[in-house]
Amino acid sequence: MNPNAYLVLSGIIFSIGAIGVLLRRNAIVAFMSVELMLNAANLAFVTGSRVWGTLDGQTAAFFVMVVAAAEVVVGLAIIITIFRTRNSASVDEASLLRW
Amino acid sequence: MIAAVIALPALSAAVLLSFGNRTNKFGPLLAIFASTGSFLIGLWHFLQMVARPAEERPALTTVYEWLAVPAAGFKINFALQLDQLSISFVLLITFVGTLIHIYSLGYMSHDENPRRFFAYLNLFVAAMLLLVLADNYLLLYVGWEGVGLASYLLIGFWQHKPTAAVAAKKAFVANRVGDFGLSLAIMTMFIVFGSVSFSDINSGIVGAPAWVSLTLGLLLLLAACGKSAQFPLQSWLLDAMEGPTPVSALIHAATMVTAGVYLIVRSASIFNASEIAQTAVVITGAISLLMGAIIGAAKDDIKKSLAGSTMSQIGYMVLAAGLGPIGYVFAILHLITHGFFKAVMFLGAGSIMHATNDNVDMRRYGGLPKVMFFTTITFFIGYLAIIGVPPFAGFYSKDHIIEAALSHSWWAGAAVLFGAGLTAFYMTRMMMMTFVSKSRWHDDVHPHESPLSMVLPMIVLSVGAATMGILLTRNHIFEHWLEPITGFVKPEPPLPIQTITTITLSVVAIGVLIGIWQNIKIAKVAPVKVSFVVKAARKDLYGDVLNETLLMRPGQGLTKSLNIFDNAVVDGFVNGLGLFVSGISARLRRSETGYVRSYAMSIVLGTALLIIALLMVRI
Amino acid sequence: MNFPWLLIVLLTPLIGTVLLFIPKRFVAFSDQQIALYSSLITLLFVIVIALQFDISSSATTQFDVSFDWIPVFGITFHLGLTGISLVLVGLTAVLTPIVLLATEYEVQKKNKEFLMWILLTQASALAVFLARDLFLFYVVFEAMLIPIFFLVGRFGGPKRGAAALKFILFGLAGGLVMLAALIWLYFVAVNQLGRGTFSITALSNELKLDAWTERWLFLGFFFAFALKAPMIPGHTWLPDTAEQATPGTSTMLIGILDKVGTYGMLAILLPIFPNASIEFAPVIIGFAALGIIYGALVAIAQKNIKRTFAYISISHFGFIVMGIFSFTSIGMIGSVIYMVAHGLSTAGLFLTAGYLIRQKDNSLISNFGGVTKAAPVMTGLFLIAGLSSIALPGMAGFVAEFMVLTGTFQKYKIPAIIATLAIVLAAIYMLWLYQRVFTGTETKESSNIIDLNKKQILALSPLVALTLLFGFYPAPIIKISESTIAHTMTLVGATDPQPMIRKVVNQ
């Protein structure tokens, strides 16, 4: 099997996610972009698994999914708290933690 | 057993100092007992020693091993050497010391804390005895600095007086300059001979190279100058008169200041081996004896005038000690007679001060014989003794020194002869101003004779001042007594003895006559228009000025600038390093903007950089 | 020796620390008493050990307690007693109860904490002096910084924060360099001996370093010890720290912990790096002599009582270092006595002046004058400590200084002569300070000074007694340290010079 197409797609999705994180101010959108990046990685893992014919990649993908789910739980909670106090979900607003 | 001589006053001092005010009631008496006990033990040893033949007289008592490093061949015992020389000192110190203890009972009766004073006196007696009994230089050094400490404490006894505190410190520091010499001498002895005991040095110095005796001699001379207030370390002695008068009598006249002479005589073998060192000693003595006499002749303060006189008389002793075997015995003889007559004069001065509300200005004395009979008589005996009128003590000791000096060289002889004239002059001046002239007292002063406790010691000492000379020189007793220790060679002056005596007495007579003639009328206030010699002498011949400009001011400047250097440069470097780091971090932390997206950006860029770097490495 | 005496000595202050935190319901003693008793028990144990110590033994260490710690790297928890460590352990054991007894006033609200840090200081000092494993030595060498850091930072004067920071940065800087040297040394040992070891005894007996390695390693360790001692020019943390710290802290720090620097030179540098030690000795002696004079001169110019003491100590550490690097028995034993004498006199100075300074909350010299009128006992005790500090004969300081100078003079004439000049400077800095603070006209500030009470006198009297004892009878210290010094001399390959005259006779 030729994995090139899958890997290229994974790269494209990762880039979209990364650019989204860097450019979008809305926390929710940034968050979803992170999810995109994670899933791009998952795609690459699964592809690898398929190519080598082992289960390692799939296991890793499951790990990533679990971590992503846990992250969503914590992350969303934080975003909601910020939104409640500031009436905004912009990531640039929450910049108090600096020098 | 001889250790008890030291232990008694030392223990008494320890008790008085550590139990404090609880000993106030019996303190002074305890101190007097300790000192008397010490004298009696000393006397007992003396009598035993006299009974033995000359070669068996010295006795060594090793108390314990003080410092010992066997691997390095380093061994210094706490050992006491009792010989003819040290027993002479023991008797002088304890006898005069006890009398002055008794005198202080009256003199210090109005003081708020006589107990402490007596404790210090005891401490002094103990330290001085250790100094003269030690069998090695290091133990001598313990006593040497011990008397320095006692002197420091006693000069500054009235601590509330800033002048006293300053004078005390000055005395200690000047002494320490001398101690610098003594320390180096002891260290040199150790590396050269592997020992610091008198006997080892005496036997080792014979075959030693010339530089050893020269170095040791000069270093010991420096030590002696510090302790004995000889030129150029003389300036502390005049300030030391800030202390209570009994202290001046005991420490700064009779005993401590003569320790330098003791040191030189004790080190006779070293000086005998180096002519240059001996000459240096003679020159030091000559300069000091003239300087002291000139200063003594210009002071109106009776104690300072006596202090100048002390410096001058010690100059005689040092000079005699520098003459070698012809002079050692006479140096010690003069030391002993001086101990008596100078002590009696100081005590007399104290008695007068006691009677005149602590006035020391001779220009406000006068007319005292009417009210202070005993003081006048005893002081007069002391006067006759110091100017060298036969048959008083000073005549014998000084005459011998003059003979010895003349047989050494014409200039040493001239110095001592001129000194004798000066002595006669300034002492006559003192007599005229204090006793003979009409009374010029302050209005509220009503002089009276001092109490018995003060008069008695003065009488005893004046008897000594009158008779000591005859007693010690009859049949050359003292020469034979000390000869086994110091060696003795009969001086052979270029002139017959009778001629020298006649010349000396004429010089003295001239001094006395000038003294009388100049002081028939005495102004209540010191005249301002005086010759430059008097002006200089009033300022201690610029000794202090010299110290200040040469040492004190540059020293202060040096310490201050070093302090600034330490703070600004050394510590400044450290602080600067700290500031540098914190400055850099203050700038770098600005990159922490708080924007999540910029952090993300740096992560992405960083990753990209890493990947590129990895790829490049692979290629 | 089967019974682990050393471990017990080390544990006693730690147990005391733990006991401080037991609720008061369960213990009948106050915090003060717990700390004091634990330090007294430590002292008792040390006395028991000292009585059993065999001064004629040829073994390097006695009372060894050793078990594996990190076997992979050959690290052991090894405690052992040499003559020199016994002397310094004794000093630590004596000074701690004195500090605890004398500084009761320093602890008001933060009582427990202060006592805890003092006990921990004691424990770490004991550990440093007992450690026979270089890694253990390094660990406690660094750990020592912690209690002092808190003692200075929490209980000091207004600028205590900065002072504590400076102190710990200097300490860490030295420690870092030492760590690097330590790791290097480990690999050298692995290569040469075929096994990793940190045992000081093994390293000094078995290791043969090539010249350049030895030089660099020597410098690494020396850097740490010289900062700790402190030698000029790495001394500037000491005045700042001493100025801000409480008298008790200063006593623990300067009286005990700074000795670690000079102890390290004597017990680690010389045995492990003998050739480099000999090579660098002239330079170090020169620096030491310079430090003696420099410290004394700067001490004269100080305006603050505590800073004066700090500079005096810098001058004195110069003497100790000089004696160590003189490579003569007299000089080295003199240094050991000097460490004790300096500990005693520093304690005396800081604690007596501490009573004075605390009452007015001001340590400027100009603030005081004529204190002797109101407080004669304080004055007397201060004078005794001061006189010992300036090496007045009859006091411990004199024996030490004379031996150091003589030992140095045997091999290095000029530095010894320069150092001897300090006896004049010493008289100036001490007596001038005494004159300005204690004598003269009584100032308004010093008229209502309260003199020492009985407890305080009791606390300070052992210092006076020991100072006089060692001044007239220094044999105990000499005997205890003699064989260790002889052993060190053999390791270094130095011999005592013979007297010149005897040489002449032999030829």
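Reader: How many residues of domain 1 of chain B are in contact with domain 2 of chain B?

Author: A contact here requires that the C-beta atoms of two residues lie within 7 Å. In this predicted model, five residues of domain 1 of chain B are in contact with four residues of domain 2 of chain B.

Reader: Which element gives the most to the side of domain 1 that touches domain 2 in chain B?

Author: That element is α23(B), with four residues. By class, the side of domain 1 of chain B that touches domain 2 of chain B holds two nonpolar residues, two polar residues and one charged residue.

Reader: Let us turn to contacts between chains. How many residues of chain B are in contact with chain C?

Author: Chain B has 44 residues in contact with 48 residues of chain C. On the side of chain B that touches chain C, at least two residues come from each of β1 (59-69), α5 (137-155), α6 (162-193) and α23 (543-588). The element that gives the most to this side is α6(B), with 17 residues.

Reader: How do the residues on the side of chain B that touches chain C divide by class?

Author: They divide into 27 nonpolar, nine polar and eight charged residues.

Reader: What does the contact between chain A and chain B take from each chain?

Author: Chain A gives 10 residues and chain B gives 11 residues. The side of chain A that touches chain B has seven nonpolar residues, one polar residue and two charged residues.

Reader: What is the secondary structure of chain A?

Author: Chain A has three helices and zero strands, and its pattern along the sequence is α-α-α.

Reader: Is chain A spread out or compact?

Author: One reads this by setting the radius of gyration against the globule rule. For 99 residues the rule gives 13 Å, whereas the radius of gyration of chain A is 16 Å, well over that value, so chain A is more spread out than a compact globule. Along the principal axes, the C-alpha atoms of chain A fill a box of roughly 50 × 25 × 25 Å.

Reader: What share of the residues in chain A is buried?

Author: A residue is counted as buried if 20 or more other C-beta atoms lie within 10 Å of its own. In chain A, buried residues make up 14% of the 99 residues.

Reader: What share of the contacts in chain A with a separation of 6 or more comes from residues 24 or more positions apart?

Author: Such residues account for 47% of those contacts in chain A.

Conventions: Residues numbered from 1 in each chain as written. Chains lettered and ligands numbered in written order. Predicted model: local features only at pLDDT ≥ 70, side-chain atom pairs only at ≥ 80, totals over all residues. Nonpolar A, V, L, I, M, F, W, Y, C, P; charged D, E, K, R; others polar. Rg over C-alpha atoms; globule rule 2.2 N^0.38 Å. Buried ≥ 20, exposed ≤ 12 C-beta atoms within 10 Å, placed from the backbone.
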